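Student: I've got a fold open on my screen and some questions about it. Can we go through the packing together?

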Amino acid sequence: MEKQTYSREDFEVFINGFPERGLFCEKCKAFIPVFEELTDTNIADLLRIIETNPVVAIGEIVRLTGCSQRFAKIWVIHRGKPHSKNQTEKFPCPYCQKPLRTKESRQCRNCLQDWHNNNS
């Protein structure tokens, strides 16, 4: 069976590019790297950091694993696991009911309604 994770040693020879193994995100059609060096505690800490400062989380992943910023950014965007293909269907636009990109969206890309200044 082919190795699915990345170790610090892998990044000593892997200079550039995108992950070629790990967890596959059907929505993005990309691999999310799985890092051998990250413990459950590291992951929990990173998920907390992502909520307030994703850039700091990227730097922390690079420090902990030795990976490139690209690999770390992919991990942060996905929060370490694949997106659901229908993830946005849970968050319909309050005006046209079409899916928003995220639950935090404040403008619909379909009907262009904007609710940035609403306090809801």
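Tutor: Let's start with helix 3, whose buried residues are Ala-57, Ile-58, Ile-61, Leu-64 and Thr-65. Buried means under 20% relative accessible area, exposed over 50%, partly exposed in between, with a 1.4 Å probe and protein chains only. Helices (H or I, at least four residues) and strands (E, at least two) are DSSP runs numbered from the N terminus. Bear in mind that this is a predicted model, where local features need pLDDT of at least 70, side-chain atom pairs count only at pLDDT 80 or more, and totals for chains, interfaces and linings use all residues. Residues are numbered from 1 along each chain as its sequence is written, and side-chain values use heavy atoms, leaving out hydrogens and water.

Student: Within what arc do the buried residues of helix 3 fall, seen down its axis?

Tutor: The arc is taken from the directions that run from the helix axis to the C-beta atoms. The buried residues of helix 3 line one face of the helix, because seen down the axis they fall within an arc of 135 degrees.

Student: Which exposed residues does the face turned away from the buried side of helix 3 carry?

Tutor: On the buried side, the cover includes helix 1, helix 2 (40-52) and helix 4, where contact means heavy atoms within 4.5 Å. The face of helix 3 turned away from that side carries the exposed residues Val-55 and Arg-63.

Student: Are the rings of Tyr-6 and Phe-11 stacked or edge-to-face?

Tutor: Rings of Phe, Tyr and Trp (its six-membered ring) pair if their centres lie within 6.5 Å; planes under 30 degrees apart count as stacked, over 60 as edge-to-face and the rest as tilted. A search of the whole structure finds six aromatic pairs. For Tyr-6 and Phe-11, the centres are 5.4 Å apart and the planes at 20 degrees, so the pair is stacked.

Student: And what about Phe-11 and Phe-71, stacked or edge-to-face?

Tutor: Phe-11 counts as buried at 10% relative accessibility, and Phe-71 is buried too. The ring centres of Phe-11 and Phe-71 are 5.3 Å apart with planes at 85 degrees, so this pair is edge-to-face.

Student: How far from the ring centre of Tyr-6 is the charged end of Arg-21?

Tutor: A charge sits over a ring if NZ of Lys or CZ of Arg is within 6 Å of the ring centre and within 35 degrees of the ring normal. Tyr-6 is buried, at 2% relative accessibility. The charged end of Arg-21 sits over the Tyr-6 ring, and its distance from the centre is 4.0 Å.
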